[in-house]
Amino acid sequence: VSDPVEHLFRRESGRIIAALTRVFGFHNLELAEDVMQDALCRALEVWKHHGMPDNPSAWLMTTAKNQAVDVLRRERTARTFAPEITRLLESEWTFRPTVEAAFGPHAIQDDELRMMFSCVDPRLTQEAQVALILHILCGFSVNEISNAFLCTPAAAEKRITRAKKVLASDTKLFELSGSEDFRARLSAVHRALYLLFNEGYHGANPRTAVRVELCREAVRLAKLLRDHRLAATPPTLALLALMCLHAARMPSRVDESGSLSLLPDQDRSQWNRELIEEGQRLLEQSATGDAVSEFHIEAAIAWCHASAPTAQATNWVQIVALYDTLLRIRPSPVIALNRAIAIAQHAGPEQGLTAIHAIEGRERLRTYPFYPMALGELELQCGRRGAASHHFRTALQLARNPTEQRFMQGRIEACARQPC
Amino acid sequence: MSAGAPLKRLEGVSQPSRECVMSEFLYVYRNGNGVEKASAEEMQKIMQKWMTWMQGLAEKGHLKDRGHPLEPEGKLVSGTGKNVTDGPYAEKDLVGGYSLIEAKDLAQAAELSKGCPIFDRGGAVEVRPIMKM
């Protein structure tokens with residue numbers, strides 16, 4: 001159970017910006033950000049003296065709302081705002097109810113979703129979409145984004161500034177309707193949230209806390225989709241199922257000493273049963289309609305792992321079959337590598353190595369540390385210590401953080417210990 | 001019971017702070033670098049630090065009045081001509097708020113202020129004894 005106050009500012013900042021942008025129009029995003037920042041500043045100043053009010057979220061919303069009304073009154077002749085409010089600005093007080101409406105509890109959820117759909121504009125790269133979602137909806141500063149994605153602050157800044165400029169050509173937030181455009185954007189939102197979650201789950205960032213945070217935000221945003229009539233499609237449920245089933249295994253991926261622990265060695269008693277059950281429920285609910293998405297397949301694979309009592313007792317045949325399907329939907333050497341590892345689990349290491357050597361486009365795995373690591377692992381199981389050690393050394397050079405480095409170091413030492 | 005008994009009972013007992021003669025002090029918070037550039041998460045952390053610090057002062061009986069934050073804008077009325085000029089003022093001298101503190105002397109009041117999170121962002125606390133009547 002997480003503390004409701006934890007990350008309150010971060011969470012509310014996204015909601016406030018979304019509501020303000022609806023009122024001000026997308027071209028005034030910067031103004032919305034200033035007003036949001038100001039509302040947080042006021043909360044900080046007042047609360048540090050007097051403590052938090054009983055309903056801090058309502059306090060922040062009211063403050064932002066009042067600020068918005070002030071801005072509209074002050075700037076109504078100098079700026080153009082959102083089309084839906086511009087007409088109302090002509091008479092002095094009629095815009096207040098519109099502002100109130102934008103900040104209503106239901107409206108604000110819609111505003112957040114509309115903002116999410118606006119951020120996945122097809123004119124932007126996927127990296128820019130994800131950065132923008134983190135920045136606007138999750139309240140991550142440019143520095144925090146560069147820290148999470150291990151890029152320079154200047155690069156993150158540039159990416160976000162350019163993305164905002166592109167979106168500023170729209171005056172309105174994206175409209176949620178059953179249109180073709182909506183469906184296309186919904187898949188783009190799925191991909192962005194999937195990317196965000198994966199960055200948290202498999203990412204190179206050495207700080208677990210940062211990665212957990214990215215996963216948590218991805219889950220929170222996916223839940224917003226689930227709670228919306230039009231957005232709660234089977235792929236949405238499958239994506240959320242996938243996130244739950246992965247997140248359930250997160251605590252056991254790093255052992256007490258802070259070292260990476262692979263699936264067969266993980267302490268399965270640490271897996272979060274509640275999340276596994278939630279994932280399973282969602283996966284069942286997602287099994288409607290005629291389209292099977294990549295998220296369905298990935299969630300099914302994750303469920304095979306999560307529901308197996310031990311690594312040996314896992315249904316590897318089914319997992320290989322699921323990987324075959326996944327490769328048809330989304331061909332990728334990383335998926336093919338995972339498939340080969342699953343083959344090794346039930347047909348033995350030699351078969352696994354054969355499958356790895358048959359991967360199409362495997363030169364694209366050259367910089368992926370888990371590629372030589374898998375080769376090393378299977379060679380070691382075949383008793384070829386020299387070859388194994390060679391692969392682990394390559395993996396060590398590719399390791400992206402100290403946790404991975406320690407792990408590879410440990411495997412090299414294991415090669416030396418193993419009897420011939 | 002002799003008349004001296006109540007006094008005798010106090011001998012050798014260290015006096016609890018409320019029995020000391022406490023003086024009042026004004027903490028004037030000078031903001032230094034504002035929080036405008038801070039992220040939402042950083043702002044929340046700053047706020048929580050302040051709340052913890054204030055709570056600590058209150059629990060030890062040092063917080064006479066939590067005081068108030070001040071709006072950044074204002075007017076300055078000065079000179080015999082009563083000239084009125086608008087704020088804002090120089091950023092680092094800007095008074096962001098005040099609290100009323102009880103301490104046994106100026107040295108203790110200054111010592112207590114050292115826990116204030118304002119120093120993390122280059123701010124300052126001005127500690128001023130309130131003149132006794």
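This note covers a helix pair in chain A and a serine in chain B of a predicted model.

1. In chain A, helix H14 (residues 294–307) and helix H15 (residues 316–329) have axes that come within 9 Å and cross at roughly 165°. Because angles over 145 degrees count as roughly antiparallel, H14(A) is roughly antiparallel to H15(A), and the crossing in which H14(A) passes H15(A) is left-handed.

2. On the H14(A) side, the contact is made by Glu294(A), Ile297(A), Glu298(A), Ala300(A), Ile301(A), Cys304(A) and His305(A), which meet Trp316(A), Gln318(A), Ile319(A), Leu322(A), Tyr323(A), Thr325(A), Leu326(A) and Ile329(A) in H15(A).

3. In chain B, Ser99(B) lies in strand E5, which spans residues 95–103. The relative accessibility of Ser99(B) is 0%, and Ser99(B) therefore counts as buried, the cut-off for that class being under 20%.

4. Two polar partners can be named for the side chain of Ser99(B): the side chain of Tyr29(B), with which it makes a polar contact at 2.8 Å, and the backbone oxygen of Arg66(B), which it reaches at 3.0 Å.

5. Once neighbours within four places in sequence are set aside, the residues in contact with Ser99(B) include His49(A) from chain A.

Definitions and conventions: Residues numbered from 1 in each chain as written. Chains lettered and ligands numbered in written order. Predicted model: local features only at pLDDT ≥ 70, side-chain atom pairs only at ≥ 80, totals over all residues. Heavy atoms only, no water. Axes fitted to C-alpha atoms, helices over the stretch in contact; angles between N-to-C directions. Helix = DSSP H or I, 4+ residues; strand = E, 2+ residues; numbered from the N terminus. Parallel < 35°, antiparallel > 145°, perpendicular 65-115°, else oblique. Left-handed = near helix turned anticlockwise from the far one by under 90°. Contact = heavy atoms within 4.5 Å. Buried < 20%, exposed > 50% of the residue type's maximum accessible area, 1.4 Å probe, protein only. Polar contact = N/O pair within 3.5 Å; in protein donor to acceptor, adjacent residues only side chain to side chain.
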